[in-house]
Amino acid sequence: MKGTLIHIGFGNVIYSARVVAIINPGSAPIKKLREEARTRGKLIDATEGRKTRAIIVTDSDHIILSAIQVETIAQRVSGLKEGFKEVMDEGEER
């Protein structure tokens, strides 16, 4: 699938085709995932000092923290996928 840039707050954007998951930051396993990413140098904090409201996991194993709600980011990604139907290469799954 072709991707585009998704706004995740404070002028920060991510490439939508690289997103694997957008999850809530509250559970213990997710907190552990966040700390492991920090120790490996794979944590990107895009919160500008605000409370983390969403954690974005990418296919490159990076963990991105965002101050935007999970639902808001998911709507932005799903809204873009609707528009991608016209620009996808032939033979790609829809």
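Colleague: What's the strand order in the open sheet?
Modeller: E3-E5-E6-E4, four strands with mixed pairing. Strands here are DSSP runs (E, at least two residues), numbered from the N terminus, and two strands pair if DSSP finds at least two bridges between them.

Colleague: Which strands stand at the edges?
Modeller: E3 (19–23) and E4 (43–45); each has a single partner strand, so one side of each has no neighbour in the sheet. From one strand to the next, the twist averages 20 degrees, using lines fitted to C-alpha atoms and angles from 0 to 180 degrees between N-to-C directions.

Colleague: Is this a predicted model, or what is it?
Modeller: Predicted: local features need pLDDT of at least 70, side-chain atom pairs count only at pLDDT 80 or more, and totals for chains, interfaces and linings use all residues. Residues are numbered from 1 along each chain as its sequence is written, and side-chain values use heavy atoms, leaving out hydrogens and water.

Colleague: OK, how do E5 and E6 pair, parallel or antiparallel?
Modeller: Antiparallel, over four bridges, with E6 covering residues 63–66. Alanine 54 stands opposite serine 66 in E6.

Colleague: And threonine 58, buried or exposed?
Modeller: Buried, because its relative accessibility is 11% and the cut-off is under 20% (1.4 Å probe, protein chains only). Threonine 58 sits in E5, residues 54–58.

Colleague: What does threonine 58 touch?
Modeller: Arg18, Val20 and Ile64, leaving aside residues up to four places away in sequence; contact means heavy atoms within 4.5 Å.

Colleague: Switching topic, which residue is the bridge partner of histidine 7 in E2?
Modeller: Valine 13.

Note on methods: Buried < 20%, exposed > 50% of the residue type's maximum accessible area, 1.4 Å probe, protein only.
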